[in-house]
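This report describes one chain of a protein model, the partner it touches, and one residue where the two meet. The structure is shown below, and the description follows it.

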Amino acid sequence: MISELLFMNGYEVYVLSAFSFTLLSFAALYLVTKVQFVKEQKKFVTKFGYLNTEEAKSAKSQRINKEILANATNN
Amino acid sequence: MFKLFQPSKIFQITSKAPKYILFLFVIVLSVGLIEALILSPEDYKQSDAVRIMYVHVPAAWISLGIFSSITFLSISGFVFKNKNFFLISKSLAPSGFVFNIIALVTGSIWGKPTWGTWWAWDARITSMLILVLFYGMYLISWRIYENEEKVFKISTIITILGIINVPIIKYSVDWWNTLHQPASINILSKSSIHSSMLFPLLIMTAAFALFSLLIFLMKYNTELIKIKNKGLDRL
């Protein structure tokens, strides 16, 4: 199986570089998106921490805010 | 009907879905890679170089599909006055852009052993390059303009202008003499690709589609949290 992967009738450099480029692009896009997501989530939790009781109560009345907080705690 | 597109309702699903999609993507991609690199046969003309098709073609298909979806959603956003359509479009764009680059780079790598050149100003390749520029302009427009109404308008204009290029990409191989081969897979007529190659191609397409769905969901969740962050500032 390994030899089939490594020797492709002289085309291995082209084939493996095309696949490697694709997988590296996937990894880079995933990481960048994940970092952006975590950054925004952390920002939300920090901002939420600064709210006073009344503001926090009002914010928590929105289901989406509760979901974001719950997800941030789970991560 | 548009209540279904309310961010709070969507977030309930999109916040939980990424982990399952990632799991499914890893499985489908693993099967696809084994099929594409080991089990699928070599081509009688191109030999093993044909394996590049398994990353090049799905990337091209998905980048075209995403751009068409972005255009449709942007226009729908204007027609139905629904901001969420714009948010979905914005979240789809990064994966479309990356898939477009993958299609160009892997196409260039495939070009060297088959055509003897890394690049040719051929109608198909040039029109794909134009598409990546439209993706770039679309993404930049969201970064440049702060005003919501303005960014909705400008990004929609970019997609409308860009969508003119999509049928040109599709039919460029029929309208002009190009180095690029004509389509081997047709929905309406018989495909010229053998099932032993079609099967891995479809698996890899499914893997790529799952990956774009995963990125879309993560990006969409990020955008929703960004909006909520602004909301907390206003409290």
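## Fold of chain B

Chain B contains eight helices and zero strands, and in this predicted model its elements, read from the N terminus, follow the order α-α-α-α-α-α-α-α. Among the contacts in chain B that join residues at least 6 apart in sequence, 75% link residues at least 24 apart.

## Dimensions and burial

Taken along the principal axes, the C-alpha atoms of chain B fill a box of roughly 65 × 40 × 30 Å. The radius of gyration of chain B is 19 Å, which agrees with the value near 18 Å that a compact globule of 235 residues would have. Of the 235 residues of chain B, 53% count as buried.

## The interface with chain A

Contact between the two chains involves 53 residues of chain B and 39 residues of chain A, and the area buried between them is about 4100 Å², with carbon and sulfur atoms giving 76% of that area. Three residues, B:I38, B:K228 and B:L232, supply 15% of the area that chain B buries against chain A, which is more than any other three residues supply.

As for specific interactions, the count of salt bridges between chain B and chain A is zero, whereas seven residue pairs are found in polar contact across the interface, both residues of each pair being at pLDDT 80 or more. The elements that give two or more residues to the side of chain B that touches chain A are helix 1 (7-14), helix 2, helix 3, helix 4 (83-115) and helix 8 (195-234) of chain B. Helix 8 of chain B provides the largest share of that side, namely 16 residues. By residue class, the side of chain B that touches chain A divides into 32 nonpolar, ten polar and eleven charged residues.

## A loop residue, B:Q46

B:Q46 lies in the loop of chain B between helix 2 (17-39) and helix 3 (53-79). Is B:Q46 buried or exposed? Its relative accessible area is 18%, and because the cut-off for a buried residue is under 20%, B:Q46 counts as buried.

Leaving aside residues up to four places away in sequence, B:Q46 touches B:W110, B:T114 and B:Q181 within chain B, and A:Y11 of chain A.

Key. Residues are numbered from 1 along each chain as its sequence is written. Chains are lettered from A and ligands numbered from 1 in the order in which they are written. This is a predicted model: local features need pLDDT of at least 70, side-chain atom pairs count only at pLDDT 80 or more; totals for chains, interfaces and linings use all residues. Side-chain values use heavy atoms; hydrogens and water are left out. Helices (H or I, at least four residues) and strands (E, at least two) are DSSP runs, numbered from the N terminus. Buried means under 20% relative accessible area, exposed over 50%, partly exposed in between (1.4 Å probe, protein chains only). Contact means heavy atoms within 4.5 Å. Buried area is the accessible area (1.4 Å probe) that two parts lose on being put together, summed over both. A salt bridge is a side-chain nitrogen of Lys or Arg within 4 Å of a carboxyl oxygen of Asp or Glu. A polar contact is a pair of N or O atoms within 3.5 Å; within protein, one must be able to donate a hydrogen and the other to accept it, and residues adjacent in sequence count only if both atoms are side-chain atoms. Ala, Val, Leu, Ile, Met, Phe, Trp, Tyr, Cys and Pro count as nonpolar, Asp, Glu, Lys and Arg as charged, and the others, Gly among them, as polar. The radius of gyration is taken over C-alpha atoms; the globule rule is 2.2 Å times the number of residues to the power 0.38.
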